[in-house]
Amino acid sequence: MNKIFDTMKAAVFDMDGTLLDSMPMWHTVSDKYLEGKGIQPPAELWDNVKRLTEIETANYFISNFGIKDPIERICADFRSIIAFEYHNKLQLKDGAKELLQHLNSKGIPCVLATATNRPCVDACLARLGIAPLFTEVLTCLELDTTKKEPLIFERAAEICGALPSETVIFEDALHCIRTAKKAGFAVCAVYDKSSDEITEPPESDWDRIKKIADCTVNSLTEIIPQQSRH
């Protein structure tokens, strides 16, 4: 087991792509929106919108698919599709609940640090039965920040009374991992299929992540001691 876990006094978890198998949902929100309008989404839709903001995506739909609704209505429809998934469908990745239970049993506080909005987070955690396993839940929106800045990680460590070097950040996204490492945190990178994307050619995000994270795992089950597995 990696040495960062020997000195860990706090664990900070990203949600989407780390604990939650939710990235495929984000890839299909635009498809579902168009299908709801009776429009067959083109195969290249995700590649065309994946770097766009919500408002930019709405404008893209207006320009390319003849959508007549105002931008505010299109964005509200996006959020409705997303909320339904968090409230009803999305599931944990293998080992997520068991790892949280193991850390709780060892007295290591766990904090959720996510860019997802609070209503979706709370509904999803309650449905999956893991809300009680977190000392605190922090969202970027409520802290008026993004994970391009270390504030959410620093606040999580502060809540747990731990130094950055004693706090392990569990993340799947390249830019978030970079932020945490620059701020002095230990990072355990969790593989997600979305990390196979090449956002900075020529290497995939996962290849870049493996060079900067303290520890990488293909599954959270790798971190759970054998005797603690159910």
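Ser 165 sits in the loop between α8 and β4. Helices here are DSSP runs of H or I with at least four residues, strands are runs of E with at least two, and both are numbered from the N terminus. This is a predicted model, in which local features need pLDDT of at least 70 and side-chain atom pairs count only at pLDDT 80 or more, while totals for chains, interfaces and linings use all residues. Residues are numbered from 1 along each chain as its sequence is written, and side-chain values use heavy atoms, leaving out hydrogens and water.

Not counting residues up to four places away in sequence, Ser 165 touches Thr 7 and Gly 184. Contact means heavy atoms within 4.5 Å. Asp 47 is another matter: its C-alpha atom is separated from that of Ser 165 by 37 Å, and the two residues are 118 apart along the chain.

Now step into strand β4, where Thr 167 lies. Thr 167 counts as buried because its relative accessibility is 0%. Buried means under 20% relative accessible area, exposed over 50%, and partly exposed in between, with a 1.4 Å probe and protein chains only. Leaving aside neighbours within four places in sequence, Thr 167 is in contact with Ala 10, Val 12, Ala 157, Ala 162, Phe 185 and Ala 186.

An α-helix has 3.6 residues a turn, so residues three or four places apart point the same way. After α8 comes Gly 161, with a positive phi near 70 degrees.

Finally, the whole chain. It has 10 helices and six strands. Its radius of gyration is 18 Å, close to the 17 Å that the globule rule gives for 230 residues, so the chain is as compact as a globular protein of that length. The radius is taken over C-alpha atoms, and the rule is 2.2 Å times the number of residues to the power 0.38. Of the 230 residues, 47% count as buried. Among contacts between residues at least 6 apart in sequence, 67% join residues at least 24 apart.
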